[in-house]
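This report describes selected side-chain features of the structure shown below.

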Amino acid sequence: MSMAQAQSQEPTSAPSYDALAEVLENEQSRQQLIKELRSLAAQQAPSAAQAAENATDAAEPSLPSQLAETTSEIAGGLSDQFNNLVEVTGNLFTGNVADDNAAFNSATFMNAAINLGLVVLATAVLFWLLRRLASPIFARFSHWSRHGEGKTPVLRLVVCVALACLVDVLAVGIAYVGGNLVATFLVGETGELTTQASLFLNAFVVIELLKAGLRVLFSSRYEGLRLLPIDSSEAAYWNRWLALLIGMVGYGVMVVEPLININISSTLGQGVNTLIMFIAYFYAVTVILKNRTRLRHAIRARAEKSTLAAGQFSLILLSRTWHLLGLAYFTVVLVLTLLSPAEALPFVLYATLKTLGLVVVGILLSSLLSQTIGRRITLSDELRRKLPLLEPRLNSYIPAALRFLRVLIVSMAVLLIFNAWYIVDLNAWYESEAGGKLMAKIIGVAIILAVAAMVWVVLASLIEHKLNPETGNGQPSARAQTLLLLFRNAVAIALATLTIMIALSEIGINIGPLIAGAGVLGLAIGFGAQKLVQDIITGVFIQIENAMNTGDVVTLAGITGTAEKLSIRSVGIRDLSGTYHIIPFSSVDTVSNYMREFAFHVGEYRVAYRENIDDAIAQLQNAFDELAVSEDNKREILAPLEVAGVIALADSSVIIRVRIKTTPGMQWAVGRAYNRLVKLHFDNAGIEIPFPHSTVYFGVGKEGQAPSANLRVMEQDFDVNGHPGGHAKSGENVVAADSKSAVVNDAPNDND
């Protein structure tokens with residue numbers, strides 16, 4: 001009965017009510033009535049939209065109104081499903097389960113059930129035999145995955161799991177073909193595949209493929225074919241639970257319900273479908289609540305082993321909320337399948353499989369990255385010899401790169417999972433103007449960062465190549481080392497600044513005001529930090545003029561020492577006592593460098609007045625000759641001895657100056673060795689190196705004669721402190737002269 005026929009009848013006539021009741025009681029008529037009502041509503045939609053557009057006070061419903069309407073529809077749908085379930089349950093007890101337009105034949109039903117049972121038994125036995133025959137293959141794959149050599153462990157695992165899954169799929173396919181042959185040629189009418197057998201075989205393929213996917217994740221018998229990092233008992237538990245849930249829902253929805261719809265009643269089939277979904281839901285909720293605490297502790301223990309902070313936080317959060325996520329998932333699946341089973345079940349199945357696949361792929365990619373680039377990079381011996389700092393530099397980038405890639409993988413997996421459940425539409429977002437621009441910016445910034453990193457690695461490696469004495473032009477000079485190190489620092493600062501500026505510009509930030517602000521800030525700093533500017537300018541000119549380099553012995557600002565570190569602003573000097581001084585270039589007005597081309601040891605040697613000067617100079621020459629042939633110093637002496645001669649007649653000695661030309665920096669070592677030889681040669685020749693002494697003058701009288709003095713010479717040794725062993729008489733003056741004492745009396749002696 002159509003909707004048009006119902007409208008043509010008088011509304012007050014009694015037969016119209018009977019016809020409407022018949023329409024509502026019959027499932028097919030009711031569905032047809034619903035379709036016609038929706039068609040009429042669609043035809044009236046343009047006029048309603050026009051009226052709403054012309055109305056001035058019309059407004060779209062608010063978000064709370066939409067939520068309330070959606071909630072009401074869901075509640076109404078669930079209420080209808082519950083009423084149908086109650087009605088079907090009552091009909092089961094009364095025996096009124098068949099449709100009005102179909103007669104239930106128990107004999108036909110039993111015959112079909114027996115034939116279907118034979119097909120089920122044959123298919124199950126064949127599949128079990130195939131799995132048993134494939135057991136040695138699975139064991140071999142598992143052994144190679146765990147103990148094989150070559151490739152990384154994750155790659156071996158993926159290859160073995162893929163091969164084992166292929167064998168599993170082949171077993172399912174062969175069992176399906178065998179079941180079809182049994183159903184076609186051995187059961188029922190020969191050469192005809194019954195509907196019941198076709199339903200079961202199709203369900204068998206889908207369900208067993210899903211179970212094969214479960215075995216990929218939770219393989220309990222073969223540890224080398226299990227993708228998830230859990231033990232065998234845990235894998236066996238979850239594999240058994242999920243396989244039971246998949247089998248119950250799959251065979252119930254894909255086999256039992258269609259068979260009841262065909263042979264008994266569509267209303268009963270719909271009720272059985274509702275009953276199956278409720279049983280599966282309560283079963284899943286029971287398992288989740290039962291394992292809530294145990295699984296939370298297991299995930300927490302896994303989080304404590306994680307080395308990545310973000311991964312550890314995610315696992316801790318998952319340990320606290322995994323049961324809520326599971327309950328929400330099964331609740332959504334229940335609601336969707338009850339409201340629209342024909343459309344919701346394929347959608348839920350596809351979204352679930354896609355989610356599991358994305359999670360597994362993300363875990364595998366993260367593990368693969370950890371086992372490939374997470375390990376230390378080892379370069380060849382030749383490359384390490386040429387670029388000794390390249391290997392540690394690359395290894396220093398690995399943790400940051402690994403962390404970035406893991407975050408990228410997790411983000412992409414989450415977005416794709418949301419897209420699978422239609423929470424977000426990535427395709428529409430990417431095709432939109434905002435999405436396209438954002439992706440272009442992200443890709444541009446990534447390219448900029450990658451190019452900057454490559455440029456830095458290349459330039460740093462080239463500088464390192466020049467500094468390496470084994471690969472460059474030999475041992476680089478101190479000036480070359482200083483300039484190259486300063487150039488490397490300047491390149492690092494310039495490259496970082498340019499990269500940041502270009503990245504900000506690529507994102508869309510206007511860097512014009514930033515550059516102008518930086519210029520104004522630089523000008524302000526220039527006025528406020530004149531000393532700093534003076535440091536930098538003076539340092540630049542010192543480096544340009546090659547006034548000093550790292551390793552030079554210099555005198556700056558009154559401090560003498562070795563220049564250990566030069567920057568653009570200051571120099572670090574370590575003096576003879578080991579004290580480290582940092583001297584800003586602004587305080588340097590003179591640079592005294594002792595390490596340029598050559599140096600001189602200038603020696604001044606004193607001899608007594610009674611010695612022959614020429615003999616002393618000859619001994620100085622002899623000492624130099626001996627020094628010039630010594631193994632330690634002959635390479636450091638650049639020229640013959642220069643004798644300046646007598647440069648002064650001092651109070652108690654004659655001073656002779658000589659000069660020795662040496663390699664830069666060796667003047668002190670050569671001077672120390674020469675002083676030693678001079679002392680030895682002077683001692684052997686009996687030439688005295690005097691110590692300071694004084695001449696006692698007693699004065700003269702008016703007559704021009706000196707008063708007499710009472711002198712007495714005492715043979716007397718001195719102790720270790722230089723004091724005489726004897727004692728002078730009271731009133732006597734004692735004058736020490738070598739090993740004797742001259743005693744001078746104040747009073748004249750009549751006997752003298």
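## Cysteines

A search of the whole structure finds zero disulfides, a disulfide being a pair of cysteine sulfur atoms within 2.5 Å. Cys160 is buried, at a relative accessible area of 0%, whereas Cys165 is partly exposed, at 26%. Buried here means under 20% relative accessible area, exposed means over 50%, and partly exposed lies in between (1.4 Å probe, protein chains only).

## Basis of the model

The model is predicted: local features need pLDDT of at least 70, side-chain atom pairs count only at pLDDT 80 or more, and totals for chains, interfaces and linings use all residues. Residues are numbered from 1 along each chain as its sequence is written, and side-chain values use heavy atoms, with hydrogens and water left out.

## Aromatic pairs

A pair of aromatic rings is described by the distance of the centres and the angle of the planes. Rings of Phe, Tyr and Trp (its six-membered ring) pair if their centres lie within 6.5 Å; planes under 30 degrees apart count as stacked, over 60 as edge-to-face and the rest as tilted. By this rule the count comes to 14 aromatic pairs. In one of them, the ring centres of Trp241 and Tyr283 are 6.2 Å apart and the planes stand at 40°, so the pair is tilted. Trp241 belongs to helix α9 (residues 232–263) and Tyr283 to helix α10 (residues 266–290), so this pair ties together parts that are 42 residues apart in sequence. Helices are DSSP runs (H or I, at least four residues), numbered from the N terminus.

Trp241 counts as buried at 7% relative accessibility, while Tyr283 is partly exposed at 25%. The rings of Trp241 and Phe330 have centres 6.4 Å apart and planes at 75°, so that pair is edge-to-face. It links distant parts of the chain, with Trp241 in helix α9 and Phe330 in helix α12 (residues 309–339), 89 residues apart. Phe330 counts as buried, at 17% relative accessibility.

## Cluster and charges over rings

Tyr237, Trp238, Trp241, Tyr283, Tyr329 and Phe330 form one aromatic cluster. The charged end of Arg294 sits over the ring of Tyr237, 5.4 Å from its centre. The charged end of Arg659 likewise sits over the ring of Phe600, 3.7 Å from its centre. The criterion is NZ of Lys or CZ of Arg within 6 Å of the ring centre and within 35 degrees of the ring normal.

Notes: Helix = DSSP H or I, 4+ residues; strand = E, 2+ residues; numbered from the N terminus.
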